[in-house]
Amino acid sequence: MTKSKNVKRIISLVVAVSISFSLVIYSSYSAKAFDTDYVNKDGMQLGYSIINGYSKLSIKNKQYNNKKIAVYCGLDVSNLYIMAVVGWFYVTNGIDLDRAMSDHDYAMEKIEALNSHLEGAGITNERAKQYKNLILKDAGKVYTSFDTVGLYIFDSTDERALELMKEDYVDFVLDGGRVPASMKDLNFDGKSDEKDAVLIQQYLADSFTFDDDDENEYALFVCDINGDKEADIRDVTALTKGDF
């Protein structure tokens with residue numbers, strides 16, 4: 001289960017990115033969140049895969065009654081000017097990462113402010129500009145359209161959500177279109193508890209598997225409950241004790 005190594009530190013960034021690009025820059029200011037050298041193409045791709053895995057399994061388990069999804073077609077995080085502008089926004093606005101990962105309204109408020117901040121700095125998201133119409137093709141009601149951040153939240157079918165995950169111009173699709181109640185949730189009942197611990201044990205014993213790579217990446221992330229970068233029985237213990 002060594003593939004779970006480093007995932008927890010990446011996902012704390014990427015889940016927030018799905019709701020707010022502003023937190024990409026978090027690594028520059030808080031070493032406790034995750035290692036700064038994971039803010040790169042490979043690191044971000046792993047995070048995107050985890051979120052897509054979450055969404056695929058969420059769709060299979062019919063976790064949400066609504067058909068709302070969030071689609072992220074983000075800016076270039078390797079661009080130093082963009083990083084500097086977003087970093088300034090992060091510092092001056094006192095972004096609370098933990099709250100952004102648990103309070104959807106707070107996250108959306110900060111995204112809207114960030115979108116305006118980026119526009120004011122003369123930044124444009126050419127990729128989102130180019131593919132926006134394709135992303136929103138066959139969309140139902142559109143709730144959020146932040147063209148500079150590259151975040152779109154709208155009603156969609158499960159089939160369309162799965163199609164979008166395959167597109168090169170989409171970083172990831174978040175089922176439910178909001179901050180999840182829990183990202184450590186293998187049975188998709190909206191919480192992390194003993195039922196998930198049972199599935200983690202089965203996954204560690206190879207009796208509970210997934211054929212899809214994204215789904216496996218998500219499962220590996222879930223298994224690292226205690227954040228020690230390894231998935232083992234200690235994670236099951238931590239979950240059953242609520243020590244995480």
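Predicted model: local features only at pLDDT ≥ 70, side-chain atom pairs only at ≥ 80, totals over all residues.
Residues are numbered from 1 along each chain as its sequence is written, and side-chain values use heavy atoms, with hydrogens and water left out. Helices (H or I, at least four residues) and strands (E, at least two) are DSSP runs, numbered from the N terminus.

**The sheet**

- Four strands make an open sheet in the order β2-β3-β1-β4, with antiparallel pairing; two strands pair if DSSP finds at least two bridges between them.
- β2 and β4 stand at the edges with a single partner strand each, so one side of each has no neighbour in the sheet.
- From one strand to the next, the twist averages 20°. Axes here are lines fitted to C-alpha atoms (for helices over the stretch in contact), and angles run from 0 to 180 degrees between N-to-C directions.
- Strand β1 (residues 68–72) is joined to β4 by four bridges, and the two run antiparallel. Within β4, V173 is the bridge partner of V71.
- Helix α6 packs on the sheet and touches β1, β2 and β3, its direction making about 5° with that of β3. Contact means heavy atoms within 4.5 Å.
- β1 also pairs with β3, in the antiparallel sense and over five bridges. Y72 stands opposite L151 in β3.
- Because four of its five residues are buried, β1 is largely enclosed by the rest of the structure. Buried means under 20% relative accessible area, exposed over 50%, and partly exposed in between (1.4 Å probe, protein chains only).

**Salt bridges**

- Side chains of opposite charge can pair when their charged atoms come close. A salt bridge is a side-chain nitrogen of Lys or Arg within 4 Å of a carboxyl oxygen of Asp or Glu.
- A search of the whole structure finds seven salt bridges.
- One of them joins K56 and D212, whose closest N and O atoms are 3.0 Å apart. This pair links distant parts of the chain, 156 residues apart: K56 sits in helix α2 (residues 41–60), and D212 in the loop between α8 (194–204) and α9 (213–223).
- K56 is buried, at 15% relative accessibility, whereas D212 is partly exposed at 24%. K56, D212 and D214 are linked in a network of salt bridges.
- R127 forms a salt bridge with D171, with 2.7 Å between the closest N and O atoms.
- R127 counts as partly exposed at 25% relative accessibility, while D171 counts as buried at 12%.
- Helix α6 also holds K132, which is linked to D147 in the loop between β2 (142–146) and β3 (151–155), 15 residues apart. The closest N and O atoms of this D147 and K132 salt bridge are 3.2 Å apart.
- D147 is partly exposed at 33% relative accessible area, and K132 is partly exposed at 23%.

**Cysteines**

- How many disulfides does the structure hold? The count is zero, where a disulfide is a pair of cysteine sulfur atoms within 2.5 Å.
- C73 is buried, with a relative accessible area of 0%. C223 counts as buried too, at 0% relative accessibility.
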